[in-house]
Amino acid sequence: MVHVASRGDVPVRLGPGVKNVPDYGPSKMSRNPYTDPVQFELERERVLTKSWILAARSEQLKNPGDWHSFEGHGETVVMTRQPDGSVAAFHNVCQHRGTSFVTEWSGCGARRFTCPYHGWVYDTTGKLVGLPERQDFSEEHLRDVRAPAVAADEWGGFVWINMAGPGNCISLQEWIGTEITADLGQFKMEDMVLHQVLEWDVPVSYKAIVDGFNEIYHTIELHHVTPEFVKSARDTSFHILDRELVTEAGPRPTNYMCFVPRPDQREQLAENWDHHKHAICHYVVFPNTVFNCNPEHIQVFNPIPIDVDRTKFLTWQLIYPGDRNDPAYETYYQRMLKHWEGLKVVVGEDIGIYEQLKRTKRSSAYTEHILNERECKIAHYHEQMAKLIQD
Ligand code: FES
Ligand SMILES: [Fe+2]
C-alpha cells in the first residue's frame with residue numbers, strides 16, 4: 001500500500017503547549033516589493049542568484065546524459081545527470097558569442113552539446129572541449145573556458161540549483177534546515193512520482209504568490225471554506241524558523257511552516273498530535289518554494305520570477321506510485337484524484353485574485369499593506385528580503 005506519513009520523532013507542532021502565533025504582532029509594509037523594478041534588480045543580483053531554487057524533478061533526469069532546463073529571473077540553466085549519479089548544472093550560455101548552446105529544453109543520453117551557431121562543443125558539465133578552426137583563436141583566450149557552473153543537489157526527489165556556483169553557497173540541506181528536512185521528510189517525497197504539472201503566466205510579482213501561501217486568512221472569503229474549516233483554521237499553528245541570516249558561506253534565510261488541523265480529524269489529532277496524519281502540513285522554503293502536504297498527495301507551489309511583475313507559476317502535483325490494477329491502490333488513486341480536482345478549483349480562485357492585483361499595480365492609491373498578527377509570516381518574509389538586498 002502507499003506510504004502513510006506519520007510524525008515519528010518530529011516535535012509536536014499543534015495542540016496545548018504549542019504557541020500558535022509567533023510574537024510578531026500586526027504590522028504594515030510598503031507596496032514597493034511587488035512593483036519596484038529597482039528592488040527586483042537587487043533581488044536578482046543578491047537573492048535569486050544566491051538562493052537554492054527548485055528546478056526539476058529528479059525523475060526527469062533518470063540516466064547519465066539526461067538533461068533538463070530551468071529558466072527564471074533572466075537566467076537559463078541546464079542540469080545533467082552524470083555517470084556517477086550526481087547532477088551537474090551550468091549556465092546555458094555559449095562563451096563564444098552568447099547563444100544558448102543546449103537548444104532542446106530536455107532530452108536523454110547526451111555526451112556532448114554543440115552550439116548551433118559556430119559549433120563550439122561542451123561536455124555535459126558545461127566545459128568547453130572543442131571548437132572548429134581553433135588555430136584562429138588565441139590559446140590564452142580559450143584556457144579553462146566553460147559555461148559557468150551552477151551548484152546542483154537533490155533533496156525530496158527534486159533537483160535544486162544555486163547560481164552562486166559550487167563552493168560559493170551553504171549546502172542545500174542547510175538552506176532547507178533541519179526542522180523542515182525532518183518534518184517534510186516524513187512524507188518521503190523522493191518515493192513519490194509526478195502526477196501533473198500545471199503552469200500559469202501570472203501578471204504579478206512572485207512574492208504576491210508566495211504571500212498567498214503564507215497566510216490562511218483569505219480562505220474564508222475567497223475559497224468559501226466550510227464553517228468547520230474556519231474553526232480548524234483558527235487553531236492553525238504558524239512557525240517562523242528564525243536563524244542567523246548571513247553566514248560566511250552566504251545567505252541562510254529563515255523558512256516557515258504551518259499546520260492546519262483537518263476539520264474531520266480533530267478528535268484523532270487530539271489523541272496523538274500526529275500532524276502528518278491529521279493536519280494539512282505546509283512548508284515555505286525561501287524564496288519561492290511552497291510545499292502543501294495533504295496526507296495522501298502533495299502540491300508544490302513554485303512561482304518562478306520572470307520580471308518584477310510577471311511570474312511563471314508552476315504547481316507540481318505528487319502522488320505515491322502503485323499498480324492501478326491493484327484495487328487497494330486504485331481506491332487510493334480515485335480518492336486522491338477527487339481531492340486534487342477540488343484543489344485545482346481552489347488554485348483557480350487564487351489565480352483570479354492575481355488578475356485583480358494586476359489592475360492596481362500602477363494605482364496611486366495602492367501604497368501599503370496592513371497585516372494582521374496571523375499574517376506574520378508575510379511580514380517576516382519581506383523583512384528578510386529587505387535585509388538581503390540592503391547595502
Ligand atoms: S555563439 Fe556558440 S559557437 Fe559561436
Ligand atoms: Fe488560496
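**Figure 1. Burial and overall form of the predicted chain.** Of the 391 residues in the chain, buried residues make up 38%, where a residue is called buried if 20 or more other C-beta atoms lie within 10 Å of its own, exposed if 12 or fewer do, and partly exposed in between, with C-beta atoms placed from the backbone. This is a predicted model, in which local features need pLDDT of at least 70 and side-chain atom pairs count only at pLDDT 80 or more, while totals for chains, interfaces and linings use all residues. Residues are numbered from 1 along each chain as its sequence is written, and chains are lettered from A and ligands numbered from 1 in the order in which they are written. The chain has a radius of gyration of 22 Å, which agrees with the value near 21 Å that a compact globule of 391 residues would have; this radius is taken over C-alpha atoms, and the globule rule is 2.2 Å times the number of residues to the power 0.38. The chain contains 12 helices and 21 strands, which are DSSP runs numbered from the N terminus (helices are H or I with at least four residues, strands are E with at least two).

**Figure 2. Close-up of the cis peptide bond at Pro 287.** Phe 286 and Pro 287 are joined by a cis peptide bond, for which omega is about 5°. Pro 287 belongs to the loop between strand E17 (279-285) and strand E18 (289-294).

**Figure 3. Close-up of two residues with positive phi, Lys 188 and Trp 273.** Lys 188, a residue other than glycine, has a positive phi near 50°, and its place is in the loop between helix H5 (178-185) and strand E12 (193-202). Because Lys 188 has 13 C-beta neighbours inside 10 Å, this residue counts as partly exposed. Trp 273 is not a glycine either, yet its phi is positive, at about 50°, and it sits in the loop between helix H9 (266-272) and helix H10 (275-278). With 21 C-beta neighbours inside 10 Å, Trp 273 counts as buried.

**Figure 4. Close-up of the contact between domain 1 and domain 2.** The chain is divided into domain 1 (27-50 + 177-389) and domain 2 (61-151), with bounds that come from an automatic or database domain assignment. Six residues of domain 1 are in contact with four residues of domain 2, contact meaning that the C-beta atoms of two residues, placed from the backbone, lie within 7 Å. On the side of domain 1 that touches domain 2, the largest share, three residues, comes from strand E19 (residues 297-307).
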